[in-house]
Amino acid sequence: MAFSTKKMWEEATCSICLTLMANPMSISCGHSYCHLCITNFLENMRQKNPWVHTFSCPQCRAPFDASSLRPNRQLGSITETLKEMDNEMLCKEHGEQLHLFCKDEGQLICWRCERTLQHKGHSTALVEDVCQDYKEKLQEAVTKLKELEGNCVPLKMFATMQIDQWKEMIQVQRQKIQSDFRNLQRFLHEEEKFYLWRLEKEEEQMLRRLRETEANLEQKSHELKSHILKLEEKCQGSAQKLLQDVKDTLSRSWAVKLETPKAFSLEIHATCNVSELYFDVRKLLRRYQVSVTLDPDTAHHELILSEDRRQVTLGCPQQNLDASFRRFTAFPSVLGCEGFTSGRQYFEVDVGEGTSWGVGVCRENVQRGVGMKQKPQSGFWTIRLSSREGYVALTSPPTSLQLSEQPLVVGVFLDYEAGIVSFYNMTTGSHIFTFPKTSFSDTLRPYFQVYQFSPLFLPSPDE
């Protein structure tokens with residue numbers, strides 16, 4: 001009997017609202033739903049697609065037409081019966097109606113249960129007397145849960161936003177790591193070629209010396225053999241031939257000496273401890289560091305240079321400056337005195353906590369007045385920090401740089417033959433940016449652009 005009742009409950013439960021059906025309606029596939037549930041379902045489907053005429057059963061997905069809806073009166077009678085049975089629940093132990101509520105146990109009981117030892121001394125009341133009170137408590141609980149559900153929505157949205165933000169951050173970091181390793185691999189490849197070239201030159205020089213020594217010894221050996229042969233022939237001749245000029249012959253023989261050739265140290269000087277040298281970017285770059293000072297003849301009239309020409313500040317216009325076509329007039333800029341035409345060069349710029357600056361290299365003959373444009377096509381390879389754009393590489397168009405840490409010291413590396421200009425955050429020893437490979441033919445000089453409250457300082461290689 002219990003099984004059949006359970007089965008009846010399952011059959012009479014609407015699969016949309018999951019409660020006993022109210023005014024059951026059947027569709028062509030045989031499944032039934034509450035009249036309100038199925039009509040709401042159809043209305044929602046029509047709102048999504050006004051042209052649809054055939055729908056899918058929410059339970060089995062079988063197609064049906066709205067005109068196939070029919071009242072299921074037999075199922076309706078079953079649901080009414082089940083509601084009555086639910087309203088007239090009986091005590092499982094005594095078979096009596098559950099008209100009482102035990103407040104101590106929080107359960108429905110019958111009048112016979114009240115007289116048992118289990119409920120002796122408990123506070124009991126009629127169901128009708130306590131129903132409203134608990135209904136209000138349940139409604140309060142529903143209100144609280146709905147409030148929590150409402151609070152859950154923005155929290156879920158925030159969690160979704162964090163997921164997207166985290167994925168984006170991971171992707172940016174992944175690209176940075178890949179870029180850093182590509183640049184490091186390219187740099188190491190160039191270093192490998194450089195050291196192998198040094199080793200090859202050292203091999204050639206030492207082999208030339210050793211082969212000269214070998215050739216000299218070979219010639220000396222040939223001379224000694226010739227002298228020995230003449231003496232042996234003299235000994236085998238007649239007494240007159242042996243004694244002829246014998247004193248001079250002996251004197252020349254005893255005068256023959258064998259000079260010990262110079263001993264060369266077979267120590268290889270073109271060595272490179274890769275694990276020690278290349279896992280410290282700062283140590284690697286500083287092998288090529290050069291001393292850079294500022295060229296006052298190129299300084300914009302608002303720039304103030306220190307006496308040692310290693311610091312520059314933006315200030316008031318300077319008076320009595322020599323007129324020079326070499327002086328920058330479009331931007332508050334200045335060049336370094338040093339010019340680079342070959343090899344690898346590296347210098348550092350202490351930018352401190354300045355909010356705006358520009359550093360890099362440029363061709364010596366760049367435009368310095370009206371029409372000056374800082375981009376590779378115009379002879380500039382620079383990066384810049386500005387309050388409006390943040391960190392930017394002045395490519396064409398500019399490339400935004402996402403730096404995880406603020407560089408206090410910027411390293412500028414130039415490989416003239418390879419056509420590479422790279423920038424490094426020497427505060428952390430990390431790579432910032434490398435310009436696309438190009439071909440240099442003119443003299444390149446360090447370039448600096450100065451802004452208010454952001455002085456630049458050029459530390460010497462010894463500091």
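This briefing covers selected local features of the structure, grouped by topic. The model is predicted. One topic is the loop between strand 15 and strand 16, where P397 is placed and a cis peptide bond joins S396 and P397. Another is E202, which is buried yet has no salt bridge. The remaining topics are a span annotated in UniProt and the positive phi values of N23 and D245.

**Loop between strand 15 and strand 16**

- T395 is located in the loop that runs between strand 15 (390-393) and strand 16 (399-400).
- With a relative accessible area of 13%, T395 falls under the 20% limit and is therefore buried.
- A polar atom of the T395 side chain lies 2.5 Å from the backbone oxygen of P397.
- When neighbours within four places in sequence are left aside, the contacts of T395 are P376, F433 and F435.
- P397 also has its place in the loop between strand 15 and strand 16, and the peptide bond joining S396 to P397 is cis, with omega at about 0°.
- In general, most peptide bonds are trans.

**Annotated span and helix 5**

- The UniProt record, an unreviewed entry, lists residues 196-234 as "coiled-coil region".
- In the model, this span is 100% helix and 0% strand, and its end C-alpha atoms lie 57 Å apart.
- Helix 5 comprises residues 127-236 and includes E202.

**E202, a buried charged residue**

- E202 is buried and forms no salt bridge.
- The nearest side chain of opposite charge to E202 is that of R198, at 5.8 Å; a salt bridge requires the nitrogen and the carboxyl oxygen to be within 4 Å.
- Leaving aside neighbours within four places in sequence, E202 is in contact with E267, I268, H269 and A270.

**Positive phi values in loops**

- Most residues other than glycine have a negative phi.
- N23, a residue other than glycine, has a positive phi near 50°.
- N23 sits in the loop between helix 1 (2-11) and strand 1 (24-26).
- The relative accessible area of N23 is 60%, over the 50% limit, so N23 is exposed.
- D245, likewise a residue other than glycine, has a positive phi near 55°.
- The position of D245 is in the loop between helix 6 (239-243) and helix 7 (246-255).
- D245 counts as exposed because its relative accessibility is 51%, and the limit for that class is over 50%.

Key:
Residues are numbered from 1 along each chain as its sequence is written. This is a predicted model: local features need pLDDT of at least 70, side-chain atom pairs count only at pLDDT 80 or more; totals for chains, interfaces and linings use all residues. Side-chain values use heavy atoms; hydrogens and water are left out. Helices (H or I, at least four residues) and strands (E, at least two) are DSSP runs, numbered from the N terminus. Buried means under 20% relative accessible area, exposed over 50%, partly exposed in between (1.4 Å probe, protein chains only). A polar contact is a pair of N or O atoms within 3.5 Å; within protein, one must be able to donate a hydrogen and the other to accept it, and residues adjacent in sequence count only if both atoms are side-chain atoms. Contact means heavy atoms within 4.5 Å. UniProt positions are given in the numbering used here, feature names are shortened, and annotations may be inferred rather than shown by experiment. Lys and Arg count as positive and Asp and Glu as negative; His and the chain ends are not counted.
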